[in-house]
Amino acid sequence: MKELTKAEEQIMQYLWKLEKAFLKDIIEGFPQPRPAYTTISTVVRVLVKKGFIGFETFGKVNQYYPLVSKKVYTRDFMKGMIKSFFNDSVGGFTSFFAKEQDLSLSQLEEMKSLIEEQIKNKKDNE
């Protein structure tokens, strides 16, 4: 899956939140001063071409909807980042994240609990 540019990701964030939206709805999601209608329209057309969003036509206007879920995009993006920056090592990523983010004890305990839960689930499914 291709990565999104910052502008594309911003539009996808609004579309994931709204689920279905007309161009005017997407534009209204931006803070003032909002980008030009034509700018947003161009980025939306690129997202359609890349296969990230689809649309349904009502007369002369299109209603857009995501073809790729936020969960799927995030998963694939993180896999790519781990592969590129951490030599495909989840342990290396986890270590970096835990050390460099200066996590609190409660945050570390929460991570530990999530990992332990996944270990239990894996063992139960064997």
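Visitor: In β3, which residue is the bridge partner of Ala21?
Guide: This is a predicted model, in which local features need pLDDT of at least 70 and side-chain atom pairs count only at pLDDT 80 or more, while totals for chains, interfaces and linings use all residues. Residues are numbered from 1 along each chain as its sequence is written, and side-chain values use heavy atoms, with hydrogens and water left out. Helices (H or I, at least four residues) and strands (E, at least two) are DSSP runs numbered from the N terminus, and two strands pair if DSSP finds at least two bridges between them. Strand β1 (residues 21–22) is joined to the antiparallel strand β3 (residues 61–66) by two bridges, and there the partner of Ala21 is Tyr64.

Visitor: How many bridges join β2 to β3?
Guide: Strand β2 (residues 53–58) and β3 form a hairpin with two residues between them, and Gly59 in the turn has a positive phi of about 65°. Thr57, for instance, has Asn62 as its bridge partner in β3. The two strands run antiparallel, and the number of bridges joining them is six.

Visitor: Which strands lie at the edges of the sheet?
Guide: Three strands form an open, antiparallel sheet in the order β1-β3-β2. An edge strand pairs on one side only, and this holds for β1 and β2.

Visitor: At what angle do the axes of α1 and α3 cross?
Guide: Axes are lines fitted to C-alpha atoms, for helices over the stretch in contact, and angles run from 0 to 180 degrees between N-to-C directions. The axes of α1 (residues 6–18) and α3 (residues 37–50) come within 10 Å of each other, crossing at roughly 85°.

Visitor: Which residues of α1 make the contact with α3?
Guide: Contact means heavy atoms within 4.5 Å. On the α3 side, the contact is made by Ile40, Val43, Val44, Val46, Leu47 and Lys50, and on the α1 side by Ala7, Glu8, Ile11 and Met12.

Visitor: At what angle does α1 run to β3?
Guide: The helix α3 lies across β2 and β3, running at about 115° to β2. The helix α1, in turn, lies across β1, β2 and β3, and its angle to β3 is about 90°.

Visitor: How far apart are the end C-alpha atoms of α4?
Guide: The expected span of a helix is 1.5 Å times one less than its number of residues. With its 16 residues, α4 (residues 70–85) should therefore span 22 Å, and this agrees with the distance between its end C-alpha atoms, 22 Å.
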